[in-house]
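Here's a quick look at the packing in this one. Have the model open and follow along.

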Amino acid sequence: MATRFRRHQAAIAISPFQPLTPHGQKLLQQALSSARQHIPQMHSLIEGRIRETNGKAYLVHLEHRTCGCRSFQDEDSPCSHAIAAIYATIKH
Ligand SMILES: [Zn+2]
């Protein structure tokens with residue numbers, strides 16, 4: 001039982017050199033790819049409206065880590081809209 005527990009702990013240990021699980025890496029890659037399709041309209045360096053090509057728009061606040069799609073705050077990881085806002089801020 002103790003060996004099994006240690007093996008489980010080792011499997012879920014987070015290394016500073018591998019901060020994301022394979023599933024997390026896949027989600028981040030999808031968000032990065034989608035972010036390039038969005039049209040950002042930043043109101044400031046921390047807040048803006050991000051429009052998708054289908055017409056839907058979401059308000060993003062980078063400082064509060066929130067997005068109208070709720071993924072940013074619920075998943076504690078930047079959604080494609082937040083990444084689009086970050087891209088726009090960097091280009092600004
Ligand atoms: Zn979002």
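Start with Cys67: leaving aside residues up to four places away in sequence, Cys67 touches Tyr58, Val60, Phe72, Cys79, His81 and Ala82. Keep in mind that this is a predicted model.

Why does Ala82 count as buried? Because 24 other C-beta atoms sit within 10 Å of Ala82, and 20 or more is enough for that label. As for Phe72, 10 residues separate it from Ala82 in sequence, yet their C-alpha atoms are 7.2 Å apart.

Both Cys67 and Ala82 belong to the largest nonpolar core, which has 12 residues. Also in that core are Ala31, Ala35, Ile50, Tyr58, Val60, Phe72, Cys79, Ile83, Ala84 and Ala85. Three elements each supply at least two of the core's residues: α2, β3 and α4. The largest share, 4 residues, comes from α4. In general, nonpolar side chains in soluble globular proteins tend to be buried together.

| Element | Residues |
|---|---|
| α2 | 22-35 |
| β3 | 57-61 |
| α4 | 80-91 |

Now for α4 itself. Its buried residues are Ser80, His81, Ala82, Ile83, Ala84 and Ala85. What covers them? The cover includes α2, β1, β2, β3, β4 and α3. The length of α4 checks out too: at 1.5 Å a residue, its 12 residues should span 16 Å, and the end C-alpha atoms are 16 Å apart, so the two agree.

Terms used
Residues numbered from 1 in each chain as written. Predicted model: local features only at pLDDT ≥ 70, side-chain atom pairs only at ≥ 80, totals over all residues. Core = buried A, V, L, I, M, F, W, Y, C linked by C-beta atoms within 7 Å. Contact = placed C-beta atoms within 7 Å. Expected span 1.5 Å × (residues − 1).
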